[in-house]
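Visitor: I would like to learn how to read this structure. Can you take me through a few features in turn?

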Amino acid sequence: MKRNTRVKVMKKLAWAALAFSLTAPAHAKISEFSLDNGMKVLVKEDHRAPVVVQQVWYRVGSTYESPGKTGLSHMLEHMMFKGTKNLQPGEFSKIVSRLGGEENAFTSANYTAYYQVVGKQHLEKVMQLESDRMRHLVIDESEFLKERDVVTEERRWRLEDNPYSKLNEQFNATAFLNSPARNPTIGWMTDIRSYTVDDLRDWYRQWYAPNNATLVVVGDVDPQQVLSLAKRYYGAYQPEKIEATKPQVEIEQEGLRRIELKGNTQVPSLQMGFHVPSLLTAENSREVYALAVLSALLDGGESSRLPQTLVRGKQLAAGVSAGYSATDRLDTLFELTATPVEAGKLPALEKALLDEVEKLKTAPVSAAELQRVLAMEEADHVYYRDSIQAQAMIIGSLVSVGLPADTLDKWIDNLRSVTPEEVMAVAKKYLTRDNLTIATLYPDGKDHSHIKPYKGRL
Amino acid sequence: MKPVYSLFIAGLLSFASLPLWANVDIQTWQTSKGAKVMFVAAPELPMLDIQVVFDAGSARDGDKWGLASLTTTLVGTRTAAMTEEQINARTNELGAQIGGDVDRDKATFSLRTITREGVLQPALDLFKTSLTQSRFDPEIFERERQRTLVGLRQQQHSPESLAQNAFWKNLYGDHPYAHPVSGTVATVEQLKLKDVQAFYQRYFVAANATIAIVGQLDVKQAKQIAENLTATLPQGEKPQALPQPQAVSSVKREIVPFDSSQTYFRMGQIGVARGDADYYALFLGNHLLGGSGFGSLLMEEVREKRGLVYGVGSGFAPMRVAGPWVSYLSTKNASALEAEKVVRSTIETFLKSIDDTHFEAIKENLVGGFPLRIDSNAKISGYIAMIGYYGLPLDYLEQFPKRIQALSKQEVLQAWRKHFDLSKQVTVMVGQPA
């Protein structure tokens, strides 16, 4: 998406990122600072290569948006590459490219973030560039109109021609009725078409300020030097008054919701979700850790329950997954998705998924299963350190929703302390029929015989 | 092992190889069974990556399209001593990641594990037995075949997949690169268990293997690991060379009607093989034309100036024998023909002359960006597997920035004019182009 290779993916990613975390073995700790204007600065050293990543995260995303203006954060992300008082449209990218850098940006429900990966000698230059567009963006009308067309093309590509993405979008808007968690990150098409240049300018003014931003730097750097650069480039800006969003707490669901979507496909698909709290919204954070364990029991590796039972055992599903975005800033969903091996098996697959959910309520999980969950988490915690980008992503995604940076270091200990009884308790409390939304994708029934699938030289 | 189906574009990116500074110290040797090993010590993190690459991609399918892919999926699902569920449980309780991937040239099996005592050796044992002692169970075969068919039926309604498949078919005709890596519904329905067994016995042999190892090991440990990994593999032999693809003799254009809001466009031709002497010049030129995202001419003309697309680009996929060069985009149906015109005129202008500022900028991007290309074990592992498998010189990575730096505009244009012919492009559009 430039920007935005990740609009849709982010929800899962944030979770995946957090799932990587483990207790804190012997590796660099995070240095945490706060500038006088309220901007947070987090630095993690990784000296394996002479490379550094800079990320700036703004606390604004699709859950901050109003009806009629969905996707505005994402549209603004695109405009951030279109020039400032000091740079021509596109010049930002050209300068970073000449440095040999990689750069892009992404928007999610929870935040909008910008990054550059460069040789460490170029950190100051990219910091100067990034700080410039924090306060000096110029949103030109003709550039805006062209870029709005680009975003409509992006939506066509991501959503309109992909029935599975469309199902997910409509599922989400069904599960959430009054919470802005229902907003598609890219925005509804009619909203995108109706943005005005002033909508963008207002949105920029409202959210892009140092006290609404987090700087994350990971790589071959010295934290004190990063801090002094940050003071020089970001520290000079005045803080702004950032108005708090209204609570918009999702109403309680009091009965099953179900939708159908007919799409251009031969292969149906199923998506289910139960309302659950996140680490931000939970009254008792132990429920969140129990849900995280529960998610891994269902879909953490090939030996977990869903692939074992539904794909290999009963052979009802071609693919199946479970997911829980534990670090969303608002109440979230515990989700299940599945693709049947054949269309006729869709009802049986739905029943089998719900049977798996019921089992969690009645039979305590075994020690061996819990052990496997922890072993995978522990290994993942080593693997993610192979990427400076992944390390920075985890820090930024946590801090941007208001979680402490050391949430990560405490994560594995928290998972380790989850008991089988707690897993049963959250299953009973949240994974109920009255709290469930089901969306089903069906073939549209049109005659597709004019479509010639590839037959090659048969 | 689960194949990861990647889009064509993703494939291109992973092929777009670039190099390292001199500080990647590659050591290479052969195991006593004849497998080639590439090793880089990475002492910083307590982990290990191994890739075992066989010349067993879909180009080896013969007329059984999808065979290499299905075999890759089934390898390691069970062994003489372990059931499928035992293998899965063991993999997860070690925290190991074991997977398979297949493309037209090769089948690749990978292990990622932590190197902690008590984990490393069991993970290596599990990887070895999965890879070399695989048994093919009729029930698992049938189940995975059905799952593959579900994926292929999904692809039949994915305009992106349809465009990709039609492009390769039109470009490669009867060549083994022409058909889709995972086959077609019709061909996968014909596959038999005995086909998989025969494919495994023929191609999964030591003489046909390249092993890349990166991790917290010394060379002595790496030698033991490679030796042990191949000890029970039959020696076997390399398969015959693939035939050279024939360039199309005239312009080819196919429109596939499809009910989508965008038209999915591909235009390209046959490019070069890995190791081609002109590759540096072609790669540099393409990086400027359509290979460097927002720095590229196609992005500038089609997206930034006209707002016609979200994504547009181009790339070479150098392969064992000449792989394709392709340009790609998707745009609303009503803009498809306009976008095609812009792509063609951008290429025409590029072939006439390259602006000096653009040329220097793109060189700076490639040379300055080198350290980023080797900043993780995963990236280094990818490069040394490629160097080993395609038989590139050991100093390939060190040489790359030097060769790029030394190129002149004239050399780049000469190489392009030699290999590229705008009047003989294969064009595919899936959608309702207007």
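Visitor: How many residues does the contact take from chain A and from chain B?

Guide: Keep in mind that this is a predicted model. In general, the size of an interface is often given as the accessible area lost when the parts come together. Here we count residues instead: the contact takes 60 from chain A and 66 from chain B.

Visitor: Which elements of chain A give two or more residues to the side that touches chain B?

Guide: They are α3 (91-98), β5 (112-119), α5 (141-160), α11 (305-313) and α13 (367-383) of chain A. The largest share of that side comes from α5(A), with 9 residues.

Visitor: How do the residues on the side of chain A that touches chain B divide by class?

Guide: That side of chain A has 22 charged, 20 nonpolar and 18 polar residues.

Visitor: Now a single chain. Which domains does the assignment give for chain B?

Guide: Domain 1 covers 8-231 and domain 2 covers 252-431 of chain B. Their C-alpha centres lie 27 Å apart. The contact takes 39 residues from domain 1 of chain B and 45 residues from domain 2 of chain B.

Visitor: Which element gives the most to the side of domain 1 of chain B that touches domain 2 of chain B?

Guide: α6(B), with 8 residues. Other elements of chain B giving two or more residues to that side include α1 (8-15) and β2 (36-41). By class, that side of domain 1 of chain B has 25 nonpolar, 8 polar and 6 charged residues.

Visitor: Next, helix packing. How do α13(A) and α15(A) pack?

Guide: Two packed helices are described by the angle between their axes and the distance between the axes. For α13(A) and α15 (residues 407-416) of chain A, the angle is about 170° and the axes are 10 Å apart. Angles over 145 degrees count as roughly antiparallel, so α13(A) is roughly antiparallel to α15(A).

Visitor: Which residues make that contact between α13(A) and α15(A)?

Guide: From α13(A), Leu374(A), Glu377(A) and Glu378(A). From α15(A), Ile412(A), Leu415(A) and Arg416(A). By class, that is 3 nonpolar, no polar and 3 charged residues.

Visitor: Last, one residue. Where does Ala282(A) lie?

Guide: In the loop between β8 (269-276) and α10 (285-299) of chain A.

Visitor: Why is Ala282(A) called partly exposed?

Guide: Count the other C-beta atoms within 10 Å: 20 or more means buried, and 12 or fewer means exposed. Ala282(A) has 16, so Ala282(A) is partly exposed. Beyond its neighbours within four places in sequence, Ala282(A) is in contact with Pro277(A), Glu287(A) and Val288(A).

Conventions. Residues are numbered from 1 along each chain as its sequence is written. Chains are lettered from A and ligands numbered from 1 in the order in which they are written. This is a predicted model: local features need pLDDT of at least 70, side-chain atom pairs count only at pLDDT 80 or more; totals for chains, interfaces and linings use all residues. Domain bounds come from an automatic or database domain assignment. Two residues are in contact if their C-beta atoms, placed from the backbone, lie within 7 Å. Helices (H or I, at least four residues) and strands (E, at least two) are DSSP runs, numbered from the N terminus. Ala, Val, Leu, Ile, Met, Phe, Trp, Tyr, Cys and Pro count as nonpolar, Asp, Glu, Lys and Arg as charged, and the others, Gly among them, as polar. Axes are lines fitted to C-alpha atoms, for helices over the stretch in contact, and angles run from 0 to 180 degrees between N-to-C directions. Angles under 35 degrees count as roughly parallel, over 145 as roughly antiparallel, 65 to 115 as roughly perpendicular and the rest as oblique.
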